[in-house]
Amino acid sequence: MNKLKAPGKPFEISKRAVWEAWEKVKANKGAPGVDGQTIAEFESDLKNNLFKIWNRMSSGSYFPPPVRAVEIEKAHGGTRILGVPSVADRIAQTVVAQELEAKVEPIFHPDSYGYRPKRSALDAVTACRQQCWKTDWVIDLDIRKFFDSVPWDLVIKAVEANTDLPWAVLYVKRWLKAPLMLPDGSLQIRDRGTPQGSAVSPVLANLFLHYAFDAWMAREFPGVAFERYVDDVVVHCVSEGQAHHVLAALQRRMREVGLELHPDKTRIVYCKDSNRRGFYEHTEFTFLGFAFRARQVRLKTGKMFTGFNPAVSKDALNKISKRVRSWRLHLHTEVSEADLARLINPVVRGWMQYYGAFYRSALYPLLGRINSYLMRWIRKKYKRLRGRKKAQDAWNRTVSQRPRFFAHWAWVPTVPVVW
């Protein structure tokens, strides 16, 4: 398993690396690629399938199939393309991604958070909140179509600078050139970009932006703090003048590396709160699903003041609400309450852990709406509880006896008045 190089193989790739890549792909699950093969189908002949990947990668004869393109709705309308590689291709990509990650992780900037070990989106939001308290101004950066626009030559240059393994460079080049298979079955040939959804894209994006943005910022503006989660970036400035200066420099820098800041979505924001006077056009921004703006905060002493804080954004709430409506809980009277809990608890618990990490009361109306659906379910399922008072009494007894039966009852155990 640990043997590196088989006779006649030009590249030293261990079978263990392929096995570890498989375990990671299996844990992440995911949809089939262009070949339609599921993870379960791949696993049914696991030994032979993994051997084929190792054999072809070690001999240099591995060529990736097209990537299946899936259209995903964007929060503000329109769609973006998500690339779904085949299971075998995800394993091969993960072999290279793990090799590159081990090399580049030590050089990455401390203000880079996306897809890095022991770092999370919530860490980035926490750091952003703290910096907003320290400095008055923010540049909310939006790189236009980053994953569709990143130039291949600079990606390859960054990879070559951080690995001496020719096979890693070879396969990165092949993955960058792999065509997209569109929903109508046609192939789209690309000359730039790296599809979102592939296993190797996050490390390539981080590596590119490390040189294009992180290291450049550290060199040109060493005193300016930022948070970057892949291509989602917030920059903190001490004055409006500094913000305009840094933004102009960033616009030039993005052009140098083949990218462009979105002219309508990139903006300077004033972090207005109780202690900050004056007015500005923009006093709110969104970062990783959280809307940062002035919010009422109660101190331990009971005194109220206005602080600049994050809470779940309107777009995120709309997306969550759409998911809740899609469950149509009140119509599933054929299942038990335990079945409903198994269905929704893991999802709702995830929302609570992420979006409830800051200003969690912003989630309460949504959680109350879930209770409304559950109450409608009770009244439809049990004839004896169709009366409003009887249903409410049964609800109160259940919450009292099993207060954690539904995950969100820990925060919102009551039903809104109108149901």
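Q: What does the secondary structure of the protein chain come to?
A: The protein chain has 14 helices and eleven strands. Both are DSSP runs numbered from the N terminus: helices are H or I with at least four residues, strands are E with at least two. This is a predicted model, where local features need pLDDT of at least 70, side-chain atom pairs count only at pLDDT 80 or more, and totals for chains, interfaces and linings use all residues. Residues are numbered from 1 along each chain as its sequence is written, and side-chain values use heavy atoms, with hydrogens and water left out.

Q: OK, what box do the C-alpha atoms fill?
A: Roughly 80 × 60 × 40 Å, taken along the principal axes.

Q: And how many of the 419 residues are buried, as a percentage?
A: Buried residues make up 48% of the protein chain. Buried means under 20% relative accessible area, exposed means over 50%, and partly exposed lies in between (1.4 Å probe, protein chains only).

Q: What about charges: how many positive and negative side chains?
A: There are 67 positive and 41 negative ones. Lys and Arg count as positive, Asp and Glu as negative; His and the chain ends are not counted. The centres of the two sets lie 9 Å apart. Each charge is placed at NZ of Lys, CZ of Arg, CG of Asp or CD of Glu.

Q: Switching to strands. Why is β7 largely enclosed?
A: Strand β7 covers residues 232-237, and five of its six residues are buried, so the rest of the structure largely encloses it.

Q: Which way does β3 run against β7, parallel or antiparallel?
A: Antiparallel. Strand β3 (residues 137-142) is joined to β7 by six bridges. Two strands pair if DSSP finds at least two bridges between them. Trp 137 has Cys 237 of β7 as its bridge partner.

Q: And how many bridges does β6 share with β7?
A: Four, also in the antiparallel sense. Strand β6 spans residues 226-229. Arg 228 has Val 233 of β7 as its bridge partner.

Q: What do β6 and β7 form?
A: A hairpin, with two residues between the strands. Val 230 sits in the turn and has a positive phi of about 55°.

Q: New topic: where is Ile 156 found?
A: In helix α7, residues 152-160. Ile 156 counts as buried because its relative accessibility is 11%.

Q: Which residues does Ile 156 touch?
A: Leaving out residues up to four places away in sequence, Ile 156 touches Val 169, Val 172, Lys 173 and Leu 176. Contact means heavy atoms within 4.5 Å.
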